[in-house]
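Subject: Structure for you to look over

Dear colleague,

I am handing over the structure below, and I would be grateful if you could read it alongside the notes that follow.

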Amino acid sequence: MHDPKSTGSFLSEVIATTPGAETLITCLQCGTCGGSCPSGPDMDYTPRQLFAMINAGMRDEVLRSNTPWYCVACYYCMVRCPKDIPITDLMYSLKRIAVREKLYDDRDAPDWSTSFIGYVETNGRSFEFGLATRYHLTHSPLKKVGVGPLAFELFSRDRMALTADRIRGIDQLRMILDRAKSLEAV
Amino acid sequence: MSYAYYPGCSLTHSAEPYDLSTRAICEAFGLALAEIDDWNCCGATEYISINKAGAYGLVGRNLALASEQEGVRELVAPCSACYLNLRKVDHNMGVYPSIEAMTNYALAAGGLHYTPGSLHIRHLLDVVVEDVGYDAIAAKVVRKLDGLRLAPYYGCLIVRPQINGGTADPEYPTHLDRLLMTIGAEVVDFPLKTHCCGGHMSQISAETAYELIRHLLQNAADYDADAIVCACPMCQFNLDAFQSQVNRHFGTDYNIPVLYFTQMIGLALGMEAEELGIGREVVAADAALAKIGSAVPEVAAPRRPRRDDKALPMPRRREEV
Amino acid sequence: MSEQTFEPKIVAFLCNWCSYRAADLAGTARMKYEPNIRILRVMCSGRVDPTFVLKAFALGADGVMIAGCHPGECHYLEQNYKAMRRYEMLSHTLKVMGVEPERLRLQWASAAEGAQLSAAINDMVEKVRRLGPLSWAGNWSENGYHLEAIERLAEEHAEAMEVPA
Amino acid sequence: MAERVGVYICHCGSNIAGTVDVESLAQWAKDTLDGVVLARDYKFMCSSLGQELIEEDIKEQGLTRVVVAACSPHLHEKTFRKACSNAGLNPYLCHMVSLREQVSWVTEDKVAAFEKAKALLAAGVRRVHLHEELEPTEVPVNPNTLVVGGGIAGIQASLELADAGYPVYLVEREPSIGGHMAQFDKTFPTLDCAACILTPKMSDVGGHPNIHLMSYAEVEEVTGYVGNFSARIRKKARYINEADCTGCGICIEKCPKRVVDDVFEVGLGYRKAVYRPFPQAVPKFPVIDREDCTYFERGTCRACEKFCPTEAIDFEQVDEYVDLEVGNVILATGYDLFDCTKIPQYGYGRLANVFTSLEFERMCNAAGPTEGKIVLRDGVTTPKSVALIHCVGSRDKRHNPYCSAVCCMSALKFGHLVMEKTGAEVTSFYIDMRPLHKNYEEFYDRLQQEGMHFVRGRVAEVSDAARRPGEEGKLIVQAEDTLIGRQRRIPVDMVILLGALQPRADAKETALRFGISCSMDGWFTERHPKLDPVATMTDGLFIAGTCQGPKDIPDSVAQGAAASARVQGMISVGTVLIEPIVASIEEARCSGCRICNNLCPFNAIDYLEDKAVSTINAALCKGCGTCVAACPAQAITGAHFNYDQITAELEGILFDAPRGNGRHARRLEPALEPAS
């Protein structure tokens with residue numbers, strides 16, 4: 001009997017890296033996820049289409065699509081899915097595979113994530129000002145008119161720090177993260 | 001009652017008012033908060049997008065540090081994203097042995113260990129509603145928020161996904177509604193109460209986020225809300241800081257202040273606006289707050305038409321849990 | 001299957017109305033499960049005399065499964081509850097005798113649950129396979145574990161005697 | 001006398017023979033197993049040739065025991081017992097081994113399959129040695145039948161039995177029979193009016209000399225066994241004397257108390273405290289609802305009593321108990337509609353203009369609360385656009401995993417009615433269209449031609465939060481149109497939720513009361529899903545209609561008729577054989593400890609004070625064997641499942657288990673040791 005989860009398929013790869021995702025093979029293609037998604041209208045493919053493509057083994061197209069990167073992690077799809085598919089978690093998995101294999105077309109979202117974690121790994125905390133400047137100065141600055149005034153507004157209300165906080169145990173945290181990364185878990 | 005407190009990065013800067021008001025009301029209610037010593041970022045929605053084991057290690061360190069604190073079994077987080085990350089790691093470590101092994105293997109590099117289930121991770125809103133309780137809150141109210149029309153905005157992550165037996169309805173919760181009524185406010189039945197604020201899309205695809213923010217603001221305006229009340233720094237940031245850009249983008253003129261539920265409780269308990277961090281929001285709340293304590297002002301009639309004799313009865317709803 | 005792998009023999013007592021039909025359904029649906037299980041039909045899980053279980057172990061079984069209708073769904077109204085009580089007592093007895101608890105399993109399976117039954121069988125076979133052959137004498141030692149079980153056994157027995165009233 | 005055992009191994013085509021080497025197995029049985037005088041393998045044992053083979057061998061070879069290793073005994077045990085019986089061998093001296101369901105169909109490894117087959121066969125042979133001759137008891141079948149539930153399935157079953165000349169007791173919980181069908185307006189796909197086809201049947205029931213109708217009544221207790229059940233019926237107090245009431249309805253007219261009707265009008269309309277659910281109710285007698293009645297509440301009023309021309313009102317009436325003796329029971333207890341508030345994103349209960357399918361049926365019905373006008377909750381506005389949402393609570397792991405079978409067709413029917421009566425735009429949101437029966441697909445085609453819109457996508461949410469121009473004041477239905485792959489927001493005036501069909505809230509209790517079982521979903525379980533759909537595991541108990549699973553009116557009617565045919569068969573034979581698998585107590589060994597007495601849920605065990613021993617009433621014993629297992633003195637024997645038989649089966653099943661080796665091994669009695 002043909003087993004859609006047989007090792008080696010893209011479907012099995014995606015399921016293996018996502019807790020509780022065995023239910024993906026029972027997808028009804030009902031579209032509840034795509035209908036519920038707040039950023040659905042801006043996605044290349046709706047989550048439902050992505051699942052059909054995963055099943056069809058369209059690895060490259062799936063990983064290059066903007067769909068996972070446009071997931072806002074609101075979990076609407078997940079609590080509404082009639083088949084209990086952990087859709088949000090699947091999106092995280094697709095992002096990780098795409099980053100690992102550098103398979104993404106639009107750079108904004110992945111770069112936002114990498115900038116973010118860069119600060120976390122340096123300081124142990126996120127750093128809004130640094131993040132905003134580093135990210136926004138390198139990413140289509142023309143689109144970001146108004147970001148300057150916004151930063152000023154926040155700064156003037158004492159809601160933005162110009163220097164980063166750093167935790168005392170940063171060395172400990174780095175050891176933990178290095179060990180974690182050595183697991184190469186996707 | 002004593003709690004390990006995980007403020008999260010936002011509450012140290014952009015959402016400092018949330019931190020101030022949280023500490024103020026917790027003190028008033030006798031909830032002792034012990035901040036986790038040297039906590040680190042929870043990874044937000046970003047770390048898990050890049051590295052799974054790292055994301056678990058990051059959160060795992062916080063859980064391990066909190067569980068080392070003496071006499072503390074409850075961990076409270078006011079930020080919905082932090083709350084979800086902490087809760088999810090604890091939950092998944094408990095359910096999937098491979099995840100437990102992976103996380104503790106990473107933590108061991110820093111000399112730490114976390115046993116899943118050893119902490120009860122809760123959102124601040126749940127703690128206030130469940131541990132303090134509506135009656136005890138009502139008993140402490142000295143300044144009822146009479147005449148203030150508030151839109152209760154839960155956002156996504158307090159009620160979703162349903163892990164660890166969350167009790168609130170993931171689509172239409174009512175505990176924040178009831179809390180705001182308890183402190184005397186008029187609560188609008190806000191249909192978008194659990195819809196998305198845009199999350200990180202404000203950084204990635206502004207247009208996507210602006211439309212979501214606009215929709216929320218429009219709905220609050222349609223219901224004549226004086227303010228939107230939220231329980232998450234991300235929600236507050238997106239709705240407040242981006243409001244003027246949304247107005248510019250769509251040619252609208254929304255002017256709806258966005259405040260934290262802790263600030264509203266603080267006001268009702270008679271605290272000063274300043275000690276609750278009020279005044280640091282981008283959209284000024286002055287007009288809304290001026291209403292409190294004054295004679296009951298004229299309130300716009302509810303949008304829903306009156307029922308007349310011909311009307312068919314409404315279905316009876318299940319008892320609210 | 002390598003020659004080194006230990007293949008346990010497990011006897012299963014299935015009730016005629018639910019579990020035996022679940023096994024029929026697993027068959028009809030061609031669900032493959034471990035061949036180590038050997039099924040015996042009884043009318044009700046309540047028919048399973050504890051001595052049958054002991055007898056099975058004595059005859060060389062490495063594990064015993066008792067399967068019946070879900071609580072509240074018994075064809076004979078409530079007899080599976082009696083099976084449940086006997087199972088509790090029996091597991092303490094077996095503990096005392098040095099038999100690992102995984103070797104006796106009480107499984108609920110309705111007539112519709114072929115998949116659940118076959119999954120339970122696979123799970124049990126795997127667990128017993130890891131335990132290796134049953135060795136009563138080898139497992140016996142007068143440690144706290146056994147003494148505790150003996151104490152619990154007495155309590156269980158007292159409770160069980162109170163039931164019919 | 002040594003037994004002469006015949007072993008028959010069925011190939012079942014390739015079903016068994018494809019995995020198990022049947023020839024070698026037969027050879028092994030003959031060579032190894034004790035008492036086996038012949039072992040054959042045959043293509044299809046259940047064929048008449050296969051059966052004749054057994055019969056000939058019994059006669060010619062003098063077999064005293066027969067083991068058939070084939071499929072599950074649930075399929076062919078009767079077949080082979082009959083073959084034995086034909087050849088003069090007591091049928092209980094035959095035993096079946098399930099090689100197909102338990103070996104060949106579930107095992108991949110052929111070597112392992114062969115070993116397992118050997119063990120099962122050894123067990124069967126060893127067991128059959130100890131089988132005893134048993135004689136089934138013949139009991140008469142009472143010609144009365146109890147039908148529970150007066151919906152269309154129960155009505156059909158009752159009428160067919162009554163027309164055949166047999167007495168029927170029809171018990172209905174509500175004040176009138178008619179069930180859900182009486183609430184409906186039209187029926188798909190022919191669109192004939194539900195009342196027009198149902199009410200003639202209802203009045204047939206009401207006037208039939210062979211039907212004793214007990215409405216506003218419930219079955220409290222059922223005891224006995226096939227052919228001879230006793231049922232206790234509680235007739236709830238109507239507070240109206242049926243003998244005097246003419247059904248004129250003046251009491252209803254004069255009653256000052258108006259309440260929301262949660263049952264028949266599903267909360268969409270009102271009724272009085274004294275009421276008849278609908279004008280064509282059968283029986284015609286109204287009921288005073290004690291909960292709502294002003295007199296019962298405050299002690300004054302009695303308006304109905306004052307005006308009743310025949311003095312039929314009786315406030316002193318109490319519940320009445322009636323004991324019935326019946327031979328068979330047909331359960332036709334129907335379904336409940338899914339509670340749509342459990343899916344809050346569809347807004348039911350919060351958004352006024354979201355309706356359930358049953359609410360819409362009532363609204364469409366000319367006798368309903370709006371007199372057939374399709375209007376919004378304000379009672380006056382006609383909708384200009386309507387959305388139909390399929391699969392509400394169906395095909396959803398969070399609620400009911402199954403398909404409710406009728407919703408697609410109901411949606412098409414609703415679409416037609418809305419368009420016909422209002423001219424509104426209608427959009428159906430479906431996951432898969434399932435118009436499965438005769439003329440259903442044609443109806444789908446017709447609605448497409450009539451201009452109904454179809455969007456393939458499960459609705460994500462219904463909201464009143466306007467987002468774009470044109471959405472103000474509307475309900476916005478948001479879904480992915482999966483055929484385009486885009487999210488769509490469709491503003492409408494009215495939303496109708498096609499809620500799932502669910503087992504009755506008290507189905508489990510009902511099943512327990514009647515001694516039948518429920519599936520995981522809660523539907524009553526049929527004896528066989530394909531070949532025996534209206535019988536249950538309990539002889540004499542039949543099921544019909546939606547209590548067995550979601551189905552539409554034609555299927556419910558067919559099942560009602562089928563159940564009635566089964567009962568008629570039982571009655572016309574007049575007697576039934578009862579399996580002799582019962583327990584008995586050996587007086588000499590009984591110590592009178594009475595442990596067994598309270599174990600029996602059927603009260604089959606009595607204690608004889610004078611002899612100080614317990615005794616079992618074979619007619620009441622169902623043969624579960626729990627008392628057998630519990631008897632500390634082993635004084636109780638369970639026929640066909642006695643201690644020695646089960647022990648022998650165990651010894652056989654473990655024939656190859658290594659003994660000794662540090663274990664507390666017990667040597668087997670030499671007579672039962674395999675010859676090898």
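A residue is called buried here if its relative accessible area is under 20%, computed with a 1.4 Å probe on the protein chains only. Please keep in mind throughout that this is a predicted model.

By that cut-off D:Arg489 is buried, because its relative accessible area is 12%. This residue belongs to strand β26 of chain D, which covers residues 486–492. Its side chain makes a polar contact of 2.9 Å with the side chain of D:Glu471, and the side chain of D:Arg489 also reaches the backbone oxygen of D:Ala465, at 3.4 Å. Leaving aside residues up to four places away in sequence, the residues that D:Arg489 touches include D:Ile476, D:Val477 and D:Gln478, and among them is also B:His215, from chain B.

Elsewhere in chain D, strand β1 (residues 5–10) and strand β2 (residues 36–42) run parallel and are joined by six bridges. As one example of the pairing, D:Gly6 has D:Leu38 as its bridge partner in β2(D).

The contact between chain D and chain C involves 62 residues of chain D and 59 residues of chain C. About 5,500 Å² is buried between these two chains, with carbon and sulfur atoms giving 61% of that area. Between chain D and chain C there are three salt bridges, and one salt bridge is that of C:Lys55 with D:Glu651, whose closest N and O atoms are 3.8 Å apart. Across this interface 16 residue pairs are in polar contact, counting pairs in which both residues have pLDDT 80 or more. On the side of chain D that touches chain C, at least two residues each come from several helices, including α3 (73–86), α5 (110–129) and α17 (643–653). The largest share of that side, seven residues, is supplied by α17(D).

As for chain C itself, its secondary structure consists of six helices and four strands, which follow one another along the sequence as β-α-β-α-β-α-β-α-α-α. Of the 165 residues in chain C, 57% are buried. When contacts in chain C between residues at least 6 apart in sequence are considered, 81% join residues at least 24 apart.

With best wishes

Conventions
Residues numbered from 1 in each chain as written. Chains lettered and ligands numbered in written order. Predicted model: local features only at pLDDT ≥ 70, side-chain atom pairs only at ≥ 80, totals over all residues. Heavy atoms only, no water. Buried < 20%, exposed > 50% of the residue type's maximum accessible area, 1.4 Å probe, protein only. Polar contact = N/O pair within 3.5 Å; in protein donor to acceptor, adjacent residues only side chain to side chain. Contact = heavy atoms within 4.5 Å. Pairing = 2+ DSSP bridges. Buried area = accessible area lost by both parts, 1.4 Å probe. Salt bridge = Lys/Arg side-chain N within 4 Å of Asp/Glu carboxyl O.
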